[in-house]
2 protein chains.
Amino acid sequence: MKAFQDYYAEDFSHCYGCGRLNEHGLQIKSYWEGEESVVKFLPDASHISIPGFVYGGLIASLIDCHCVGTAAAAKYLEEGRDMDTEPALRYVTGSLKVNFLAPTPLGVELEVRGKVIEVKERKVLVEAKLLANGKICATGEVVAVRLPETMISK
Amino acid sequence: MKAFQDYYAEDFSHCYGCGRLNEHGLQIKSYWEGEESVVKFLPDASHISIPGFVYGGLIASLIDCHCVGTAAAAKYLEEGRDMDTEPALRYVTGSLKVNFLAPTPLGVELEVRGKVIEVKERKVLVEAKLLANGKICATGEVVAVRLPETMISK
């Protein structure tokens, strides 16, 4: 099964958070799971904040890139199209909000679950929760904004 | 002149965003400049989103760690104390909001300027703007929450 990010054109595959071609980056892979989108990610030892816990910037990055990918996938779904059909739909982050509810433990696989709240013509609103060991450690909200087609190289 | 982060105790100096001891991390250095706090950071080539631009997760990380450092510095200032005096004041992120106003160009030094909005007993609210080439590309808002003293090792 291909991840949302596997459908991104090459020019959109260099992102530190979600680009499959960024060898230094996180290379997250997002999938549908029922009506929610899911990404799993195991932070490495460098992603520390206070000893034993994950730093907030990684959590923000995971939520950001996962929700932007979810936004694109949701718009394709709404249009009844596969993600490899033209015209390509790509989104960027308009705004990102993260609430840190509990310290996120380092050393376990994290799961971010996205829920599409609203799909508009040029914007998609996605909510997310980040779990570690099944416990919600952070929640997020992303407004993803569709890129003009002129900015998307084929 | 020592940066805010240079005063952090060793246990608080491993953070990927702001820890001086994290050799893989960003190692940001924040300073007062008048009533604002300032950090300058030059992203590297891997911090890309779309070719030519910085990915949102880095922007979120810079705003997050800079504002949390600013929160601690502001509380010391309010108490009329130097940052190397006891009891140590350390903050973590309660919430982070980032508005991406314009694409942030890759290849130039970024500047994040923080402004302390409110210093309460256990929380500090800090607003930030991120500039590239003198233009505001993002704004942010961080609620920093003071760590209980029991969590701060000396």
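Hi everyone, let's begin with the helix of chain A. In H1(A), 20 of the 23 residues are buried, so this helix is largely enclosed by the rest of the structure. Please keep in mind that what you see is a predicted model.

How far should a helix like this reach? At 1.5 Å a residue, the 23 residues of H1(A), residues 56-78, should span 33 Å. The end C-alpha atoms of H1(A) are 32 Å apart, which agrees with that. If you follow the chain beyond the helix, you come to Gly80(A), whose phi is positive, near 65 degrees.

Now let me step back to chain A as a whole. How many helices and strands does chain A have? There is one helix, and there are six strands.

What about the overall dimensions? Along the principal axes, the C-alpha atoms of chain A fill a box of roughly 45 × 30 × 30 Å. For 154 residues, a compact globule would have a radius of gyration near 15 Å, and chain A agrees, with 15 Å. Of those 154 residues, 47% are buried. Turning to contacts in chain A with a separation of 6 or more, 63% are between residues 24 or more positions apart.

On to chain B, and its own helix. H1(B) also covers residues 56-78, 23 residues in total. From first C-alpha to last, H1(B) reaches 32 Å, close to the 33 Å expected at 1.5 Å a residue. Here 20 of the 23 residues are buried, so H1(B) is largely enclosed by the rest of the structure. After H1(B) comes Gly80(B), with a positive phi near 65 degrees.

So how do the two chains relate? In general, two copies of a chain are related by a rotation about an axis and a shift along it.

Last, the interface. Of the interface residues of chain A, 100% are also interface residues in chain B, so the copies meet through the same surface.

Conventions
Residues numbered from 1 in each chain as written. Chains lettered and ligands numbered in written order. Predicted model: local features only at pLDDT ≥ 70, side-chain atom pairs only at ≥ 80, totals over all residues. Helix = DSSP H or I, 4+ residues; strand = E, 2+ residues; numbered from the N terminus. Expected span 1.5 Å × (residues − 1). Buried ≥ 20, exposed ≤ 12 C-beta atoms within 10 Å, placed from the backbone. Contact = placed C-beta atoms within 7 Å. Rg over C-alpha atoms; globule rule 2.2 N^0.38 Å.
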